Amino acid sequence: MNPRSIATALTATAAGALCVLVLTLWVAPSLVMAIEGLLGHGFDIEMRLRIHFGFAGWLVLLALLARLFVWPLREPGARLMAWALVVEVVILMAIWVLVRDAEFQGETSALTFFSAVVLLLCSIAALLNFRASRRGQQHRAAPLFWAVMTAAFLLACLDEYFTLHERVSHALAPFGQPIGLSEEILQDAVTLGYAVGAVAVVVLFRDFVRSELRRAALPMVLFVVAIGLYGAAVLNDTVDVVAERLWPHSDPAHLMNFLEEALEFTAGFFFLGAFTTRLLEEGGVSALGPQPGAPAPRWLRFSIFALAASTAVGTAVAVVTTPLSPILRWADGNVEVSVFADARAGLSEVDALFVHPRLGLLAGSGGGVLRFDDAGAATPWVAPGGELHCAEGFAVWKDGTVVADDSGAQVLRFDEQGGSPQSVGAGWVSPEAVAVGPLGRLHVADEGLRAVVRLDPGGPVVLASALDGLRLPEGMVFDDRGILYLTDEGARAIFRITPQGEVTRLAGTETGLQAPEGIAYRDGHLYVSDTQAVSIFRFDLEGRGGPVVSLAWRYRELGGLAFDDEGVLYLAVGSQYGPHNFIFRIRGLP
């Protein structure tokens, strides 16, 4: 296999992987929606990841079977590697489907056992190569290289199964704390050290690697690809904390952990393929599939084409039949959702909603505030371009309307005509919500401060802070008993704050919440919009509940909620991009 052929094979493989990725991102959301429509309920991010990756695995499996039986690979080593990848994909798909616990893809899941087995097989294959290198006429560094590989993969097997890197980082934690190194950082450092060691082996044995590329190119190509996959897994594990801070609303840590374990498992199979193909002889390849020029039996070719055709037809049906244009994906009961207002009414980056007792529905929009009548016609209440930058929350307080302005780092009070803005309080960073308690005191949730502050006559009082688990507080509402409820996108939870100042976590991801945004209260229940689940959740005051309405994916920027006197719920859907700015009117909620 010459270098040009290797480059062509790698390019074709990368192009095929890219096609699988694009097809999965395009088709899998439709599959998710079709399945949700059949089952009558929505999925959380974990289930969506299972379906996305499962569909990608199915496409890869079809491609591998086609290369084994329809267009057979020429080299025995390549066919052996294809069979190894078939086994890997089947194991991964089985874990994605069958393992039900929350850590199905983590370091304590069933995948850990299979990864440890593959790494042990790699160590055994390296040991066999070590014995063969001592008998044959090979490069002088070959015995040492295979001895290092034998020890390295035995250590990797033990680390995978017994989580040695976690034990080491835990033991080093007392020494790292005085200099500001947490146990998580030390764990990433140990993992990064493994990657540095792998690169060092390649550098130290570069002459041997070059000679092997000239003598037996395929094993060394697989070896280099495996190192690249493992390096990607380590990099993924190292930057997950950074990604979580950059994208706090999208749960990147979950997705990146998912990718990390899959990449490590795939790298193990590439290492195993590299070591075993090095041992493979031409005489023992008859069981690896038909030779080039000897096509597979007709029944087998027909079966593979039938699988591919059924996959294509099934995905096409899912894409065509999935309701992409209607608003609803599914709903609990006879819920009616209609467009109350859209961009034609002047909506732009709409977020906060508020039913004013005298003015009707108010909506923060494009640096101003719009006032709506019952027919959805809008008139400006606060014109853009003034002191207000971005309305995030409303409340009636002291004969005026208070507006939280996160972009302007201020809280403003307007008169009934939307004029005469006056600053309320000071020291705000990013106020997201305001609410008035039973004693007439104003409460402000500040995302930048990570706190809920009550404005008392004697001065501001912090009711809840990051010490209580707050990360990105968003919406607030009081119930009939004077208890305050707070949504937090960063913590992916709802918090309850009693009049006595007790802060507790009411509900979280165990109920399906992923990025709770707006919150409203009516008849003893809380209604919460979730911008990542693209759903509205309903909870009782003890935190029991779940989604009752899920919207189509195109409306994924869910914002504020507000009930009118007749029990009709209004939902804001805003976006900085394109015309996707709506206020939906929802009737018939349970």
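What follows is a short walk through a helix pair, a sheet and some aromatic rings.

This is a predicted model: local features need pLDDT of at least 70, side-chain atom pairs count only at pLDDT 80 or more, and totals for chains, interfaces and linings use all residues. Numbering starts from 1 along each chain as its sequence is written, and side-chain values use heavy atoms, with hydrogens and water left out.

**Stop one: two helices.** Select residues 110-135, helix H4, and then 142-162, helix H5. (Helices are DSSP runs of H or I with at least four residues, strands are runs of E with at least two, and both are numbered from the N terminus.) The two pack at an angle of about 165°, with axes 8 Å apart; axes are lines fitted to C-alpha atoms, for helices over the stretch in contact, and angles run from 0 to 180 degrees between N-to-C directions. That makes H4 roughly antiparallel to H5, a label for angles over 145 degrees. Colour the contact by residue type and you'll get 18 nonpolar, 6 polar and 2 charged residues. Here Ala, Val, Leu, Ile, Met, Phe, Trp, Tyr, Cys and Pro are nonpolar, Asp, Glu, Lys and Arg are charged, and the others, Gly among them, are polar.

**Stop two: the sheet.** Switch to cartoon and find the open sheet of 5 strands, ordered S1-S22-S21-S20-S19 with antiparallel pairing. (Two strands pair if DSSP finds at least two bridges between them.) Its edges are S1 (328-331) and S19 (516-522), each pairing on one side only. Neighbouring strands are turned by 25° against each other on average, direction ignored. Zoom in on S19 and S20 (residues 525-530), which share 5 bridges; Ala 520 has Tyr 527 in S20 as its bridge partner.

**Stop three: the rings.** The structure holds 22 aromatic pairs. Rings of Phe, Tyr and Trp (its six-membered ring) pair if their centres lie within 6.5 Å, and planes over 60 degrees apart count as edge-to-face. Pick Phe 145 and Phe 223: they are edge-to-face, 5.7 Å centre to centre with 70° between the planes. Phe 145 sits in H5 and Phe 223 in H9 (residues 217-238), 78 residues apart. Phe 145, at 0% relative accessibility, counts as buried, as does Phe 223 at 2%; buried means under 20% relative accessible area, with a 1.4 Å probe and protein chains only.

Now jump to Phe 265 and Phe 269, another edge-to-face pair at 5.1 Å and 85°. Both lie in H11 (residues 252-279), 4 residues apart, about one turn of the helix, and both are buried.

How values were computed:
Angles under 35 degrees count as roughly parallel, over 145 as roughly antiparallel, 65 to 115 as roughly perpendicular and the rest as oblique. Rings of Phe, Tyr and Trp (its six-membered ring) pair if their centres lie within 6.5 Å; planes under 30 degrees apart count as stacked, over 60 as edge-to-face and the rest as tilted. Buried means under 20% relative accessible area, exposed over 50%, partly exposed in between (1.4 Å probe, protein chains only).
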